[in-house]
Amino acid sequence: MSTQTLAQFLEQHQAQHQLDAQLIALIQQIAASCRRIHQAVRQGALGGVLGSLEQQNVQGETQKKLDVMANDFMLEGNQQGGCVAAMASEEMDHHYAIPAEYSKGPYLLLFDPLDGSSNIDVNVSVGTIFSVLKAPTGTEITDDSFLQNGRQQHAAGYAIYGPQTMLLFSLGHGVFGFTLEPNRDEWLLTHVDIKIAPETAEFAINMSNFRHWDEAIRHYVKDCLAGTEGPRAKNFNMRWIASMVADVHRIMMRGGIFMYPWDKRDPSKPGKLRLMYEANPMSFLVEQAGGKAINADKAILDVDPQGLHQRLSVILGSAQEVQTVADYYQKHKQ
Ligand code: AHG
Ligand code: MN
Ligand code: MN
């Protein structure tokens, strides 16, 4: 087992791929912010961090205490290092400009500070998802500056606060996983160049929405449920954690397919998950790990963003299985 620290890995990775020093510094800052969030999460009821606040975010969702704390930790941890020009998050209506007393850097940082927050009060894994873009130069930063498609990401990753706290990220040269060593409180490299198995017999979807899905997804899931007696001629297993981070992490470790598809519950919401700080960073990681990520018939990374909090349908994971879903969409096109 490697005992390379995050700092040692980053130094080597930077030299090997001629990466920008400020990008490397930013990853270290994000990792430090996630360690702070980890400390708050693990305190649970003892730290008085559980429960909800009497306020909603721009998504109309009631904010949990930890949503707001994690958001503050990300802002505080990343505004000072001179790496970012502005930040945007699930928990803020508009982007956050770096205060005048700090120097601005060349990157834009987007994040979901606490993903899976419905799970926090029941002690199930949650996480932090992040995406790094280049800030436009010679122009004022606005919300629109963030609306770059997923292929423009310079880095993406997540921290998962589970039985182990882990950090997975990619700088465009594979996906690497670090485990927080509890005694030294240090990120150590434990997962080198993670690859997602191309085939799987495990799907993740919130089945309670079955009646709201479109034809393609209904047929796909029905055929999985039919097992060896159906057209797929194999038995499937199902998992749904309701923390995207945890569901994606399982797929990173042992393959699988994750779906939060479009559904007809609310015409103003074409899916539940948000493009800029959930779907894009996860799709970047999944593609870097050899998997595939689509909204329906298009790669998520090729979707041109229209808004900071835009939602879309997400299907990602093992490449062959995601292709199978793409084929169902093709077949059920009107
Ligand atoms: P968040 O807690 O950041 O709002 O994200 C929650 C998301 C995602 O993590 C998860 O996959 C999905 O919501 C679960 O939704 P359901 O409760 O509808 O299953
Ligand atoms: Mn989320
Ligand atoms: Mn969240």
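This is a predicted model: local features need pLDDT of at least 70, side-chain atom pairs count only at pLDDT 80 or more; totals for chains, interfaces and linings use all residues.

A shell of 18 residues surrounds the ligand, and the closest are D115, S117, N206, M244 and Y260. By residue class, the shell around ligand 1 consists of seven nonpolar, four polar and seven charged residues.

Three strands, β5 (107-115), β13 (257-260) and β14 (273-274), each contribute at least two residues to the shell around ligand 1. Of the contributing elements, β5 gives the most, with three residues.

Oxygen atoms of ligand 1 take part in contacts with both side chains and backbone. A polar side-chain atom of D115 is 2.7 Å from a ligand oxygen atom, and a polar side-chain atom of R274 is 3.2 Å from a ligand oxygen atom. In the case of M244, a polar backbone atom lies 2.8 Å from an oxygen atom of ligand 1. Ligand 1 on its own has 480 Å² of accessible area, of which the protein covers 88%.

## Manganese ion, ligand 2

Which residues provide the protein donors of the manganese ion (ligand 2)? They are D112 (OD), D115 (OD) and E278 (OE), at distances of 1.9 to 2.1 Å from the ion. The spacing of these donor residues in sequence is D-x2-D-x162-E. Because D112 belongs to strand β5 and E278 to helix α6 (residues 275-288), this pair ties together parts that are 166 residues apart in sequence.

## Manganese ion, ligand 3

The manganese ion (ligand 3) is coordinated at 2.2 to 2.3 Å by E90 (OE), D112 (OD) and L114 (O). In sequence, these donor residues follow the spacing E-x21-D-x1-L. E90 lies in the loop between β3 (84-89) and β4 (96-97), while D112 lies in strand β5, so the pair ties together parts that are 22 residues apart in sequence.

## Link between the two ions

The manganese ion (ligand 2) and the manganese ion (ligand 3) are separated by 3.8 Å, and D112 coordinates both.

Terms used. Residues are numbered from 1 along each chain as its sequence is written. Chains are lettered from A and ligands numbered from 1 in the order in which they are written. Side-chain values use heavy atoms; hydrogens and water are left out. A residue is near a molecule or strand if one of its heavy atoms lies within 4 Å of it. A polar contact is a pair of N or O atoms within 3.5 Å; within protein, one must be able to donate a hydrogen and the other to accept it, and residues adjacent in sequence count only if both atoms are side-chain atoms. Accessible areas come from the Shrake-Rupley method with a 1.4 Å probe; for residues, only the protein chains shown count as cover. Helices (H or I, at least four residues) and strands (E, at least two) are DSSP runs, numbered from the N terminus. Ala, Val, Leu, Ile, Met, Phe, Trp, Tyr, Cys and Pro count as nonpolar, Asp, Glu, Lys and Arg as charged, and the others, Gly among them, as polar. Donors are N, O and S atoms within 2.8 Å of the metal (3.2 Å for Na, K and Ca); water is not among the atoms, so sites may look incomplete.
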